[in-house]
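Please read it with the sequence and the coordinates open.

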Amino acid sequence: MATAETHLPGDSNRNSGGEKSFLIRPATLKDLEDVSAIESSAFSNPWQARTFRSLLRREQALITVAEAHWSEILGYAVAWWVQDQAELSNLAVKEAYRGQGIGSALLDRVLLDLRAAGVESLFLEVRVSNDPAFALYRSRGFLEVATRRDYYRNPREDARILLKAFEEND
């Protein structure tokens, strides 16, 4: 899996264009404390650190992180696949950095890596109230295919099930 550098608006220390840079890369064991902290702040029913450690050992799973140039983990995404079908299970960005393209960059990297692994379709669930996430997924070609009633806890809420079928030119 490749890494990619992306830029955030607003960091005059980066260049004259006023951008901050961050790197999208595979997670390592040393990243998992930060990933777990983001998970705990972003989700009402967070995964334990041991779950992330277990996924790092799986051949058909990936944890991707966005790392700022000052070495802070800004966000992460988790996906796994069986044969040609995958699931994007988690994507989260630290609250202070939301709305700056980090989630988009993480999603784009996951899509590229899954496509390179031979995945043909990707599923995910998103809270019906999470309009920003829904808009992001729609912008990347995901379609709503079903609803899961009472899927989420704390608070109880339905989930939209989204599907992206990879096209030849993806």
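Two strands are said to pair if DSSP finds at least two bridges between them. The model discussed here is a predicted one, and in it strand E7 is joined to strand E8 (residues 157-165) by six bridges, with the two strands running antiparallel. Tyr152 has Glu157 in E8 as its bridge partner.

E7 and E8 together form a hairpin with four residues between them, and Asn154 in the turn has a positive phi of about 50 degrees. The peptide bond that joins Asn154 to Pro155 is cis, with omega at about 0 degrees, and Pro155 is itself found in the loop between E7 and E8.

## Overall architecture

The protein has four helices and eight strands, and from the N terminus on these elements follow the order β-β-α-α-β-β-β-α-β-α-β-β. Of the 170 residues, 41% count as buried. When contacts with a separation of 6 or more are considered, residues 24 or more positions apart account for 55% of them.

## An enclosed strand, E3

How many of the residues of strand E3 are buried? Eight of the eight residues of E3 (residues 61-68) are buried, so this strand is largely enclosed by the rest of the structure. In a regular strand the side chains alternate between the two faces of the sheet. In E3, Ala61, Ile63, Val65 and Glu67 point one way, whereas Leu62, Thr64, Ala66 and Ala68 point the other way, and all are buried.

E3 pairs with strand E4 (residues 73-82) in the antiparallel sense over seven bridges, and Glu67 stands opposite Ile73 in E4. The two strands form a hairpin with four residues between them, and in its turn Ser71 has a positive phi of about 75 degrees.

In soluble globular proteins, nonpolar side chains tend to be buried together. The largest nonpolar core of this model holds 32 residues, among which Leu88, Leu114 and Tyr137 touch the most other members. At least two residues of this core are supplied by each of strand E2 (19-26), E3, E4, strand E5 (85-93), helix H3 (102-116), strand E6 (121-127) and helix H4 (131-139). H3 provides the largest share of this core, namely seven residues. A second, separate core consists of 13 residues, including Ala27, Leu32, Leu55 and Ala92.

Once its neighbours within four places in sequence are left aside, Leu88 is in contact with Ala77, Val78, Ala79, Leu107, Val110, Leu122, Phe123, Leu124 and Tyr137. Leu136 is found in helix H4 and counts as buried because its relative accessibility, 15%, is under the 20% limit. The C-alpha atoms of Leu136 and Leu107 are separated by 8.9 Å, although these residues are 29 residues apart along the chain.

## The largest pocket

The largest pocket has a volume of about 1100 Å³. Its lining is made up of 36 residues, of which Ala42, Phe43, Leu91, Ala92 and Asn130 lie nearest the centre of the pocket. Helix H1 (32-42), E5, H3, E6, H4 and strand E7 (143-152) are the elements that give two or more residues to this lining, and the largest share, seven residues, comes from E5. By residue class, the lining divides into 19 nonpolar, 11 polar and six charged residues.

## Residues with positive phi

Most residues other than glycine have a negative phi, and most peptide bonds are trans. Gln83, a residue other than glycine, has a positive phi near 50 degrees and lies in the loop between E4 and E5. With a relative accessible area of 66%, Gln83 is exposed, because this value is over the 50% limit.

Asn154 is not a glycine either, yet its phi is positive, at about 50 degrees. This residue is found in the loop between E7 and E8. Is Asn154 buried or exposed? At 56% relative accessibility, Asn154 counts as exposed.

Terms used:
Residues are numbered from 1 along each chain as its sequence is written. This is a predicted model: local features need pLDDT of at least 70, side-chain atom pairs count only at pLDDT 80 or more; totals for chains, interfaces and linings use all residues. Side-chain values use heavy atoms; hydrogens and water are left out. Buried means under 20% relative accessible area, exposed over 50%, partly exposed in between (1.4 Å probe, protein chains only). A nonpolar core is a set of buried Ala, Val, Leu, Ile, Met, Phe, Trp, Tyr and Cys residues joined through side-chain atoms within 4.5 Å. Contact means heavy atoms within 4.5 Å. On a 1 Å grid over the protein atoms alone, a cavity is a set of points where a 1.4 Å probe fits but cannot get out, and a pocket is an open set with protein on both sides within 12 Å along at least five of seven lines; lining residues have an atom within 4 Å of a point. Grid points are joined across faces, edges and corners, and a volume is the space filled by probe spheres set on the points. Ala, Val, Leu, Ile, Met, Phe, Trp, Tyr, Cys and Pro count as nonpolar, Asp, Glu, Lys and Arg as charged, and the others, Gly among them, as polar.
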